[in-house]
Amino acid sequence: MRTTTRRLGVALAACAALVAACSSSDTSGGGSSTAPPKMEPLSALGQGEGQLNLIAWPGYAEDGSNDSEVDWVHPFEQKTGCKVNIKIGNTSDEMVQLMRTGQYDGVSASGDATLRLIYAGDVAPVNTALVPNYATISSFLKDKEWNSVDGQMYGIPHGWGANLLMYNTDVVKDSPDTWGAVFPGAPEYKGKVTAYDSPIYIADAALYLSKAKPELGIKNPYALTEDQLSAAVDLLKEQHANIGEYWSDYTKEVQAFESGTSVIGTSWQVIANMLTSDNKVKIATVLPKEGSTGWSDTWMISSKAKNPNCMYQWMDWITSPEINAQVAEYFGEAPAQTKACEFTTDKTFCETYHATDPGYAEKISYWTTPQKQCVDGSGDNCTAYDEWVDKWQQIKG
């Protein structure tokens, strides 16, 4: 993993990997729609159009320019004749705005953006029968509330991971197994608690409250009524007094743990791997007993795609076993493709990331854009993403 995480650092140093994503505050697509616009997916594949315009997270569409040994774009071009043009997206909000220009064929969207794109009609439903590699994607990533509506898939799952509790074992001696270690605020580590800098972090507090205060009736951390949202916000305001740093760029969390300015808080497995490989600080991670939030990224096709055949070919290519393994290992996440584990360089990689473990995956509440129409189907009285953005600004002060 040392080589992988070092290359990852080169590719992602400019932004928060994955969904640093939701740290900006575009409130468009807050979630008042009750159904996506009616659209039919592509019925059959035709001849490739000769080019493909993508919006992608750094590390998801590598063409050798960051590392000459990391290139799955040029082989795709040679195989399909579709020349790939890549626009790097640094946040989910930026990706949403770019997709609305109609200039791009597809996007690697995270769960805090997918429903905004679906309900606004910016992306089209996907005919999964035209993506052969979809058949062996992990079943626990299919037909979920962040990538489908009424049983219709709006994309092809790409990779996923959990938000873990990480701590410095030289400082935190009691091996915590609960988010109660940072909620309501871990006063014994005042000023050295860290948390993810995004409105979607409100879901972490809601998840904890769903177990700690069942009387609140929280069933889904992304489907919060006004009262439930207020309870989560109050908890986060209490925690704020003990936060030393909110992070969105994962390299900043690495530095904070190495320097000792952070000793406990939310993290990703790839961050733990980097710290462990450098051996500068002793850390441990745990998926707490309450479960955790996490992400599942999805390749989605624009409803205005000018090159739909090339986009379908890309969705199949990027989720093929060998290529999905390369992306996952380079980026630092679990591959969506079950057969990818046969092709990872590190033969313990899939075990480390629990890639094909449905029991582990069931403990994760994957990022999903909050909507007025509750994402768990419980009603139409939930709070939308734009309200979460406002509340997050209040929490941070």
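Which residue in β10 is the bridge partner of Met 166? It is Gly 265. Let me build out from that pair.

Ground rules, quickly. This is a predicted model, where local features need pLDDT of at least 70, side-chain atom pairs count only at pLDDT 80 or more, and totals for chains, interfaces and linings use all residues. Residues are numbered from 1 along each chain as its sequence is written, and side-chain values use heavy atoms, with hydrogens and water left out.

Strands of a sheet pair through backbone hydrogen bonds, either parallel or antiparallel. Here, β7 covers residues 164-168 and β10 covers residues 264-267. They run antiparallel and share 4 bridges. Two strands count as paired if DSSP finds at least two bridges between them.

Now the whole sheet. It is open, has 5 strands, and mixes its pairing. The order is β9-β8-β10-β7-β11. The edges are β9 (243-247) and β11 (283-286). Each has a single partner strand, so one side of each is left without a neighbour in the sheet. On average, neighbouring strands are turned by 25 degrees against each other, direction ignored. Axes here are lines fitted to C-alpha atoms, for helices over the stretch in contact, and angles run from 0 to 180 degrees between N-to-C directions.

Helix α8, residues 269-278, packs on this sheet. It touches β7, β9, β10 and β11. Its direction makes about 160 degrees with that of β11. Contact means heavy atoms within 4.5 Å.

Next, the core. A nonpolar core is a set of buried Ala, Val, Leu, Ile, Met, Phe, Trp, Tyr and Cys residues joined through side-chain atoms within 4.5 Å. Buried means under 20% relative accessible area, exposed over 50%, and partly exposed in between, with a 1.4 Å probe and protein chains only.

The largest core has 125 residues. Which residues have the most contacts inside it? Ile 264 and Trp 314. Helix α9, residues 308-318, gives the most to this core, with 7 residues. Take Trp 314 and skip residues up to four places away in sequence. Its contacts include Leu 52, Leu 54, Tyr 60, Trp 72, Phe 76 and Trp 299.

Charges now. How many salt bridges does a search of the whole structure find? It finds 3. The criterion is a side-chain nitrogen of Lys or Arg within 4 Å of a carboxyl oxygen of Asp or Glu.

One is Asp 93 with Arg 116, at 2.7 Å, N to O. Asp 93 sits in helix α3 (92-99) and Arg 116 in helix α4 (111-119), so the pair ties together parts that are 23 residues apart in sequence. Asp 93 is buried at 3%. Arg 116 is buried at 1%.

Another joins Asp 122 and Arg 100, with the closest N and O atoms 2.7 Å apart. Asp 122 lies in the loop between α4 and β4, and Arg 100 in the loop between α3 and β3, so this pair ties together parts 22 residues apart in sequence. Asp 122 is buried at 6%, while Arg 100 is partly exposed at 27%.

Then Asp 197 and Lys 396, at 2.8 Å, N to O. Asp 197 is in the loop between β8 and α5, and Lys 396 in helix α13 (385-396), so the pair ties together parts 199 residues apart in sequence. Asp 197 is buried at 15%. Lys 396 is partly exposed at 30%.

Is Asn 324 buried or exposed? Buried, at 1% relative accessibility. It belongs to helix α10, residues 321-331. A polar atom of its side chain lies 3.2 Å from the backbone oxygen of His 158. The side chain of Asn 324 also reaches the backbone nitrogen of Gln 337, at 3.0 Å. Beyond four places in sequence, the contacts of Asn 324 also include Ile 318, Pro 335 and Ala 340.

For contrast, Lys 211. This one is in helix α5 and exposed, at 53%.

Last stop, helix α7, residues 250-259. Its buried residues include Tyr 250, Val 254 and Phe 257. Gly 260 follows α7, with a positive phi near 90 degrees.

Notes
Helix = DSSP H or I, 4+ residues; strand = E, 2+ residues; numbered from the N terminus. Polar contact = N/O pair within 3.5 Å; in protein donor to acceptor, adjacent residues only side chain to side chain.
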